[in-house]
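I am opening a notebook on this structure and will write down what I looked up, entry by entry. The sequence and the structure come first, and my notes follow.

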Amino acid sequence: MAYITLRDVQLAFGGPALLDGANFSLERGERVCLIGRNGEGKSTLLKLIEGSLLPDSGEVSLQNGITISMLAQDVPMDSGKVADIVADGAGEAAEVLRAYHEASDACVLGDMDACDRMGELQHKLDQLDGWALETKVNSILSKMGLDPDADLADLSGGRKRRVLLARALLTQPDVLLLDEPTNHLDVESIEWLEKFLLDQNNLTLLFISHDRSFVDSIATRIVELDRGTLRSYEGNYSRYLELKAQQMEAEEKQNALFDKRLAEEEVWIRQGIKARRTRNEGRVRALKELREQSKARRSQQGKVSMATQDASRSGKVVFEIENLSVRFGHDAPIIKDFSALVLRGDRIGLVGDNGVGKTTLIKAILGEQEHTGTVKTGTQLEVAYFDQLRNALDLEKSVKDNVSEGSDHVDVNGSRRHIYSYLQDFLFSPERARTPVKALSGGERNRILLAKLLLKPSNLIVMDEPTNDLDMVTLELLEEMLSDYKGTLLLISHDRAFMDNVVTSTWVFDGKGNIDEYIGGYQDYLQQRPDQTVVDQKSAVKKAAAKAEANVAPAKKVKLSYKDQRALDQLPAEIEALEKEQAQLSEKLADGSWFITDAGAAAKASQRLAEIDDQMLEKMERLEELENMAKG
């Protein structure tokens with residue numbers, strides 16, 4: 001029997017049905033990604049399964065005895081001890097254990113009523129297996145690299161997400177529901193989450209995500225919520241795209257045949273009685289049914305129509321940056337001696353953990369942040385800035401007034417358009433365009449910002465996390481628009497697929513103030529980064545040696561000196577020892593917990609990794625040299 005089954009589920013909130021006779025099942029061990037356009041009802045479906053919502057009709061059934069835990073989309077800003085917040089995931093057991101400790105403290109101080117309560121609470125803890133709770137909490141926090149005594153308010157967005165995940169997994173649920181788990185996470189945290197989820201044996205997942213790389217790595221099946229109906233596609237997101245294209249082609253053909261038949265029947269009913277000879281009541285009833293079907297048929301939601309407004313070309317040099325540094329107070333510099341040349345047409349992605357200074361660098365380059373060093377700005381620069389903090393939106397005003405600033409018309413590439421017509425390009429109906437921004441979803445707010453941004457003539461677009469909350473179709477259209485953009489782009493994003501498809505070079509922040517530049521997108525950076533370079537160099541050395549051995553005729557060997565022969569004998573073992581040390585340190589540093597428990601030792605280990613890279617390269621070069629000498 002399936003863990004979760006939906007049969008003919010109907011749910012609406014006054015408008016078109018979010019679920020219209022929906023059917024779905026989730027089997028043990030599956031990792032199913034739920035996708036769909038913004039506002040289709042994906043989060044609502046998770047709430048139905050979780051039990052916090054009930055359907056208008058139909059059935060949501062769960063296998064007897066299964067437990068479900070849900071990781072919400074929003075990261076809380078509350079404070080509190082991490083261990084306590086995670087323990088709360090155990091529900092009643094956590095409350096009784098906390099009450100027991102409070103009663104114990106009061107009893108020690110002479111409160112006899114508290115001493116009496118301890119006996120009752122102890123009995124409850126025995127029934128709930130509450131004594132094992134602290135051990136479970138410490139175990140899962142250790143597994144996730146979290147400090148149990150840390151305050152939630154002091155943690156980054158990625159670490160807060162880990163705390164919530166630990167809380168959700170504490171009771172070892174059969175099914176875990178995740179709503180946009182990668183939102184506002186940096187790339188390192190997303191990759192950690194991927195690995196963590198894949199390492200959980202037999203954990204059944206139902207999750208919502210618009211991060212295509214994450215979905216491709218995690219999902220075993222895609223379920224699309226489209227116009228109230230759930231459709232299933234086996235495989236990951238790449239396979240879904242192939243199957244979806246085939247399905248849409250078939251649906252378009254079917255709709256064309258339906259429309260043709262309806263048109264023929266409408267012509268017949270309008271003919272005179274003589275032309276129709278006798279009135280065919282059955283045919284009239286059939287036409288009425290066709291009309292009702294046509295009225296009820298919900299066409300696929302339109303696609304966002306995006307186009308930039310070109311300003312005059314900027315100068316060839318957009319920014320000339322020399323030794324730029326930014327420091328806050330007496331802290332170490334967040335950006336240290338950064339130099340770069342940005343030319344017209346460059347599309348640059350900024351990559352790094354949250355808090356390393358990506359937004360700060362953008363503001364320093366644009367003159368909005370004090371810094372040392374120099375930034376020479378090119379000529380005729382016109383900037384359009386997509387703001388991560390959404391400061392450009394007035395939440396009390398309507399969509400229309402935010403975009404047009406009160407006017408009924410906007411200028412789009414020299415043409416005058418009514419604001420409602422323009423907003424329909426971004427999927428806002430006239431009714432929705434009159435809605436206050438505060439009532440809209442995150443994805444809709446992002447579309448408003450895009451609509452506003454693209455009205456501004458520009459030759460430099462700056463985008464700080466534009467992909468959060470955007471559905472996959474809109475993401476792909478934004479990619480196309482940026483790829484065709486003739487100006488310059490500075491982009492901060494944690495969406496790896498988006499970066500790979502858009503940028504031509506990448507600035508990578510190491511968290512210590514240093515920024516390195518790599519050609520290409522995120523995957524290109526992974527291939528070029530120093531630790532990968534060492535692996536590639538080692539591989540290249542081995543391949544070269546194998547090729548030489550296969551193709552070159554045996555030559556008379558030259559006898560090495562005692563010193564060189566001894567080095568030749570010892571170098572493979574020395575390199576192997578360095579590789580082992582490198583692997584051990586990389587594993588210990590991987591999830592960041594070492595920096596919490598012993599920041600000094602972790603920093604030294606990170607420095608040692610860099611030294612190992614240099615030593616391995618030197619030893620491999622020396623090994624190759626000695627082997628060549630020995631071969632003559």
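This is a predicted model: local features need pLDDT of at least 70, side-chain atom pairs count only at pLDDT 80 or more; totals for chains, interfaces and linings use all residues.

**Entry 1: the whole chain.** I began with the overall counts and found 23 helices and 20 strands in the secondary structure of the protein. Of its 632 residues, 44% count as buried. I then looked at contacts with a separation of 6 or more, and 69% of these are between residues 24 or more positions apart.

**Entry 2: the pair Lys400 and Asp401.** Lys400 has a relative accessibility of 10%, which is under 20%, so Lys400 counts as buried. Asp401, at 28%, counts as partly exposed. The two side chains form a salt bridge, with their closest N and O atoms 3.5 Å apart.

**Entry 3: other salt bridges.** How many salt bridges does a search of the whole structure find? The search gives 19.

**Entry 4: Asp226 and Arg227.** Here I found a salt bridge whose closest N and O atoms are 2.7 Å apart, and both Asp226 and Arg227 are buried. For Arg227 the relative accessibility is 11%. Arg227 sits in the loop between strand 8 (221-226) and strand 9 (229-234), and I looked at its backbone as well, where phi is near 55°, a positive value in a residue other than glycine. I wrote this down because most residues other than glycine have a negative phi.

Entry 5: I next turned to Lys42, which is placed in helix 1 (residues 42-50). Is Lys42 buried or exposed? Its relative accessibility is 7%, so Lys42 counts as buried. I searched for a salt bridge and found that Lys42 has none, the nearest side chain of opposite charge being that of Glu180, 5.9 Å away. A salt bridge needs the side-chain nitrogen within 4 Å of a carboxyl oxygen. What I did find was the backbone oxygen of Gly36, which lies 3.1 Å from a polar atom of the Lys42 side chain. Setting aside neighbours within four places in sequence, I listed the residues in contact with Lys42 as Leu34, Ile35, Gly36, Arg37, Ile208, His210 and Leu225.

I then checked the UniProt record, an unreviewed entry, which lists Gly36, Arg37, Asn38, Gly39, Glu40, Gly41, Lys42 and Ser43 under "binding site". Ser43 is also placed in helix 1, and with a relative accessible area of 27% Ser43 is partly exposed.

**Entry 6: Glu180.** Glu180 lies in the loop between strand 6 (175-179) and helix 7 (187-199), and at 4% relative accessibility it counts as buried. Its phi is positive, about 50°, although Glu180 is not a glycine.

**Entry 7: helix 16.** My last entry concerns helix 16 (residues 442-453), whose 12 residues reach 16 Å from the first C-alpha to the last, close to the 16 Å expected at 1.5 Å a residue. Why do I call this helix largely enclosed by the rest of the structure? The reason is that 9 of its 12 residues are buried, among them Gly443, Glu444, Asn446 and Arg447. I then asked what covers these buried residues, and the cover includes strand 14 (383-386), helix 13 (399-404), helix 14 (419-424), helix 15 (430-433), strand 17 (460-464) and helix 17 (472-484).

Note on methods: Residues are numbered from 1 along each chain as its sequence is written. Side-chain values use heavy atoms; hydrogens and water are left out. Helices (H or I, at least four residues) and strands (E, at least two) are DSSP runs, numbered from the N terminus. The expected span of a helix is 1.5 Å times one less than its number of residues. Buried means under 20% relative accessible area, exposed over 50%, partly exposed in between (1.4 Å probe, protein chains only). Contact means heavy atoms within 4.5 Å. Lys and Arg count as positive and Asp and Glu as negative; His and the chain ends are not counted. A polar contact is a pair of N or O atoms within 3.5 Å; within protein, one must be able to donate a hydrogen and the other to accept it, and residues adjacent in sequence count only if both atoms are side-chain atoms. UniProt positions are given in the numbering used here, feature names are shortened, and annotations may be inferred rather than shown by experiment.
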